[in-house]
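Have the viewer open as you read.

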Amino acid sequence: MIGFDEIVANKYLPCIRDAIKSGYIDSYSIIDLESQRTEIDRRIQAASLKPRGVVYLPDAGHRVQETPQETIAAAVQRLRVPGVPTKVYIATEVRAHEAYLRFCVENHIDSLVEKPVLAPIVDGRFKPSYITKTMEELIGVAADSPAEHSVMTLSRYHQIYNQKVVASLRDRMERWEAPLTSFHLRAAGGVWNLQHEFESRDDHPYKYGYGMMMHGAYHYVDLATQILSLNAELFPERQLRLEVSAFGAFPVDQHQRLSQPIARRFQDAGARWSADSDEGFRFGETDVTSTFRLVDAATGRTVSLGTLSFEQTTPSIRDWAELPDGLYNVNGRTSSVDLEAQLSTLFSTHVHCYDIPRGISADGIDAFARVTTRANAALLPDEQYVSEESFGGLFHSDSNRQLMEHWLRGSEQRSSLASHLRPMQVTEALASSVLTPGRLISVPF
């Protein structure tokens, strides 16, 4: 296990315990950074299931993504059990993913890497234009190996998104030979940080030069790509192309976007970075909004239109005081996901999935979903004009745990590294367009 943060300790240790009891694995070990030793030791002490071994690596600052392969190899070798196959779960900060994933791919070791797959850093700066070629290289090497490589994301085993939405759309598109013509998704999943927290806190990615696109947004880029790809499945003979244009908001914009009377209550009402300097723009984006079209490359005819928005500006239960130690939801954040997919004039499905705070605890979060469909029932007698289903007691982490359980058993088939090439290409397009606002970027589909 590379990285042992609160998410890993809270969400996945029960999966590991069950896999050990069932005989799929015999133990787990941890590799983390020397600078995190005190925190990791505290977390291990509190855990009911102790690791077999722990190795701490020297910090490399902003060059951590270039951790030498010899250092990684030595750490893994120290923790390996002779004669027992090794599996590696990569849960580091995203800028470090590539080095560990490359080690696993080149050494034929099964791996599971956290979303998003990688964030190339060149000369200390995030370089989204390197995403596709790095992904293609790693996938090419992995194709010649018996090892299996998967990616952790919530939109492959999700009770609503995958089992209700994607599956039902695929079924109807195949039966009616109807293309997806409209798709809109907005995922709001965070909270405002105080301006000084962009510089000081480690529980978000902004200070490393990337933001939403290389963080929580990836779950929904992956979901959107799965849905848009249904057109490619329906018309395999067509060469489709996604054209996307995006805009972003950054931490430097925050003082203009927050209520001043409220901001003054926690001494955060003034601009921290001057408008004529590049200081504020060294941080990654907090919000992204984009428009797209899916076009038939041969004819230039539009197949699908839509919007994709990923935002941190969602209502919160945080009052901006320092939260007590031990809270998993350290931002006190709640989320709201709203999507609609339409098959021309025949059918539409709309999903709204949102969090509901329960009580005063920042950890007391439940999720609720409502799925509404509308159909041309005169043409489609098996459909209702309008239907609605509601689901309570949902937890997004359940889908993550299912993926982890399948990976530990060796049965994970839905989230292979190769299947994440297209979502990562869309991520690259959006991140690149945000850096040059409004630039139109194309992705082969």
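Predicted model: local features only at pLDDT ≥ 70, side-chain atom pairs only at ≥ 80, totals over all residues.

## Around helix α4

Residues are numbered from 1 along each chain as its sequence is written, and side-chain values use heavy atoms, with hydrogens and water left out.

Helices (H or I, at least four residues) and strands (E, at least two) are DSSP runs, numbered from the N terminus. Helix α4 spans residues 97–106, and eight of its ten residues are buried, so the rest of the structure largely encloses it. Buried here means under 20% relative accessible area, with exposed over 50% and partly exposed in between (1.4 Å probe, protein chains only). The buried set is H97, A99, Y100, L101, R102, F103, C104 and V105. What sits over them? The cover includes strands β2 (54–57), β3 (87–90), β4 (110–114) and β7 (149–152), plus helices α3 (69–79) and α5 (131–143).

## Cores

A nonpolar core is a set of buried Ala, Val, Leu, Ile, Met, Phe, Trp, Tyr and Cys residues joined through side-chain atoms within 4.5 Å. The largest one has 102 residues, and V117, Y161, F183, L185, Y220 and F310 have the most contacts inside it. Helix α8 (residues 217–234) gives the most to this core, eleven residues. Domain 1 (6–151) and domain 2 (159–444) each put in at least three residues; those bounds come from an automatic or database domain assignment.

Take Y161: skipping neighbours within four places in sequence, Y161 is in contact (heavy atoms within 4.5 Å) with L154, V166, Y220, L223, V337, L339, V351, C353 and H396. There's also a second, separate core of 26 residues, with M1, L13, L112 and Y157 among them.

## A look at V434

V434 belongs to helix α11 (residues 421–435). V434 is buried, at a relative accessible area of 3%. Beyond residues up to four places away in sequence, V434 touches A246, F247, G248, F250, E285 and V288.

On a 1 Å grid over the protein atoms alone, a cavity is a set of points where a 1.4 Å probe fits but cannot get out, and a pocket is an open set with protein on both sides within 12 Å along at least five of seven lines; lining residues have an atom within 4 Å of a point. Grid points are joined across faces, edges and corners, and a volume is the space filled by probe spheres set on the points. A search of the whole structure turns up two cavities of 30 Å³ or more.

| Space | Volume | Lining by class |
|---|---|---|
| Largest cavity | about 70 Å³ | three nonpolar, six polar, two charged |
| Second largest cavity | about 50 Å³ | four nonpolar, five polar, one charged |
| Second largest pocket | about 570 Å³ | 18 nonpolar, four polar, five charged |

For the classes, Ala, Val, Leu, Ile, Met, Phe, Trp, Tyr, Cys and Pro count as nonpolar, Asp, Glu, Lys and Arg as charged, and the others, Gly among them, as polar.

Eleven residues line the largest cavity, with H204, Y206, Q312, N331 and R333 nearest its centre. The lining of the second largest cavity includes Y206 and Q312, along with W192 and D287.

Where is the second largest pocket? Both domain 1 and domain 2 give residues to its lining, so this pocket lies between them. α3, β3 and α10 (397–409) each supply at least two lining residues.
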